[in-house]
Amino acid sequence: MSGHLVILSGPSGVGKDTVIDAWREVNPKVQRVVAYTTRSPRDGETDGRDYHFVTVDEFKALAAEGAFLEHKEVHGNYYATPLRDMEAMLDEGRIAVLKIDVQGALTAMALRPDALTAILLPPSWDVLEQRIRGRGTEDAASINKRLANARAEMEFADRYQHQIVNDDLETVVARLEAVVA
Ligand code: ADP
């Protein structure tokens, strides 16, 4: 049985993790495609949920085996989107959700034209700022950087099949269910 690949983007703090968790609760077929990284886990991050945290040697071995759809280096750390994990989920008939930044998403869309694509939008810039602050993990400079990135990412919103405002969580989940129906 073949499942659905869903590419889900949206600025940091818009609510991607929250939405995926809520969607999973109503649809057990939904499964997150967890990225790989060589950077160290931050406080509160869990291996296998936020990322698969691996060593550089492990990462290189996986890349050589063709385990990744795409990978890149940011500030000396490697990040990758797993192809093999995703294919395994799709073979099991699951809804494989790839939570990925806009640049990675554009690459993934070109490689996987079969993907369903959605971008989450904040109800307003004020709300986005409140959500980023609400997580309590960021200083002012980093919040401003995230907001600037968010504005840049929004320029690509029309490259996605669906633009979904993350206001009411139940409505967002219902829209995602419609996307895969
Ligand atoms: P992301 O994964 O996009 O960085 P998170 O899922 O961590 O964002 O959400 C950022 C913050 O916004 C969290 O505090 C979360 O509880 C809150 N949030 C997410 N979605 C909603 C929503 N629909 N309504 C209200 N608050 C939300």
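Predicted model: local features only at pLDDT ≥ 70, side-chain atom pairs only at ≥ 80, totals over all residues.
Me: OK, in which sense do β1 and β7 pair?
Reply: Strand β1 covers residues 4-9, and five bridges link it to β7. Leucine 8 sits opposite lysine 99 of β7. The sense of the β1 and β7 pairing is parallel.

Me: How many of the five residues of β7 are buried?
Reply: Buried means under 20% relative accessible area. Strand β7 runs over residues 95-99 and is largely enclosed by the rest of the structure, because the buried ones number four of the five.

Me: Now the open sheet: which strands stand at its edges?
Reply: Its four strands come in the order β4-β3-β6-β5, with mixed pairing. An edge strand has a single partner, so one of its sides lacks a neighbour in the sheet; that goes for β4 (52-53) and β5 (68-74).

Me: What is the bridge partner of threonine 37 in β6?
Reply: β3 (residues 36-37) and β6 (residues 77-82) pair over two bridges, in the antiparallel sense. For threonine 37, the partner in β6 is tyrosine 79.

Me: What angle does the direction of helix α3 make with that of β6?
Reply: Helix α3, residues 83-91, packs on the sheet and touches β3, β4, β5 and β6. Its direction and that of β6 make an angle of about 20°.

How values were computed: Residues numbered from 1 in each chain as written. Heavy atoms only, no water. Pairing = 2+ DSSP bridges. Contact = heavy atoms within 4.5 Å. Axes fitted to C-alpha atoms, helices over the stretch in contact; angles between N-to-C directions. Buried < 20%, exposed > 50% of the residue type's maximum accessible area, 1.4 Å probe, protein only.
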